[in-house]
Amino acid sequence: MSDAHTDEPATTPGSTQSHPHVPQHTVTIPADVQMVTLLGPRDELLRTMERQFPQIELHVRGNEFHIAGPSAEVALVERLLDELLDVIDGGQPLNRDAVERSIQMLRAQTVERPADVLTMNIVSNRGRTIRPKTLNQKRYVDAIDENTIVFGIGPAGTGKTYLAMAKAVAALQAKQVNRIILTRPAVEAGERLGFLPGTLNDKIDPYLRPLYDALHDMVDPDSIPRLMASGTVEVAPLAYMRGRTLNDAFIILDEAQNTSAEQMKMFLTRLGFGSKMVVTGDVTQVDLPGGTQSGLRIVRDILGGIDDVHFAELTATDVVRHRLVGDIVDAYGRWDAVQQKGPRRGPVRPPARRTEHQDRPGS
């Protein structure tokens, strides 16, 4: 979409351009693109590009980018501009997070283009579109399309459940399924459920609240009571699944690390005709009582060779919450690794500072 050509060698004193043998490339942005959408407010996105390409001299005049530096880096900047223009053309506003993730994908030389990842729409509601924000998230979403059972495994904040919910709502809207079933095991995370006041439903409701919250982001809240009353959407503890066969349904098991091996088997064998299952969890946050083996930790060994069952891995780099969430996930991972090797004094070395991320995988 951009027009790139090579100018005379750069000769600006005191910079990378001061070397006569370094050619300057010019990329002309189409006239119908407002430069502020590409540069960001107060040139925030331009500053992001400059930080990510320290070997490059990058200047903007009018609708032209003037780029000088090592040829490989110059080519990468030119590709980045083309990708960002495609994102803008797809109706997706740019932000610092999108620019940084695009650069990461280009440097990793992935098969998937950044523009394809950042403009993939799953479901829209009340003017908001939910979409993947990282390459692993897109691969996870693609796996849900291509497989009957998908396991989404990764740390908090990687969008495992949120994206699965979006795919469920999209499948219901497209009439690919007749109902959505959302379930979680009712396991205390260091707290005692029995001491809470109220009925059994009152006690269980806090476990299911995150599923309700995600559903409210994707479906008109006024329609949720009607959908639940008709059975089109069901939110229930895992124990309620026993003895059922679930046909023509999109079924999500959240917090699956807190299932026992027997519960995992029970859940997976509820699969009926025309249904799809997504199982999400974080194997580093098991709240089962001591000695109970997590069904999510062993299921890959059991089902790893079965066709139409896919295991999607998300990591701290896919965290799309506050930047500190990714740092916390990394820090705990390093601490766990140290503990396995033996006790050690002093704190674990902190990671490099991350950039600010948004609260949801799609916004």
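Trainee: Which residue in β11 does F250 stand opposite?
Mentor: Strands (E, at least two residues) and helices (H or I, at least four) are DSSP runs numbered from the N terminus, and two strands pair if DSSP finds at least two bridges between them. Here F250 stands opposite K276 in β11, and 4 bridges join β10 to β11 (residues 276-281), the two running parallel. From β10 the chain passes through helix α10 (residues 261-268) to β11 in a right-handed β-α-β crossover, that is, one whose path from the first strand over the helix to the second runs clockwise with the strands pointing away from the viewer.
This is a predicted model, where local features need pLDDT of at least 70, side-chain atom pairs count only at pLDDT 80 or more, and totals for chains, interfaces and linings use all residues. Residues are numbered from 1 along each chain as its sequence is written, and side-chain values use heavy atoms, leaving out hydrogens and water.

Trainee: How many bridges join β8 to β10?
Mentor: Strand β8 (residues 179-184) runs parallel to β10 and is joined to it by 5 bridges; T183, for instance, has L253 as its bridge partner.

Trainee: Are the faces of β10 buried or exposed?
Mentor: Buried means under 20% relative accessible area, exposed over 50%, and partly exposed in between, with a 1.4 Å probe and protein chains only. On one side A249, I251 and L253 are buried, and on the other F250 and I252 are too. Because 5 of the 5 residues of β10 (residues 249-253) are buried, the strand is largely enclosed by the rest of the structure.
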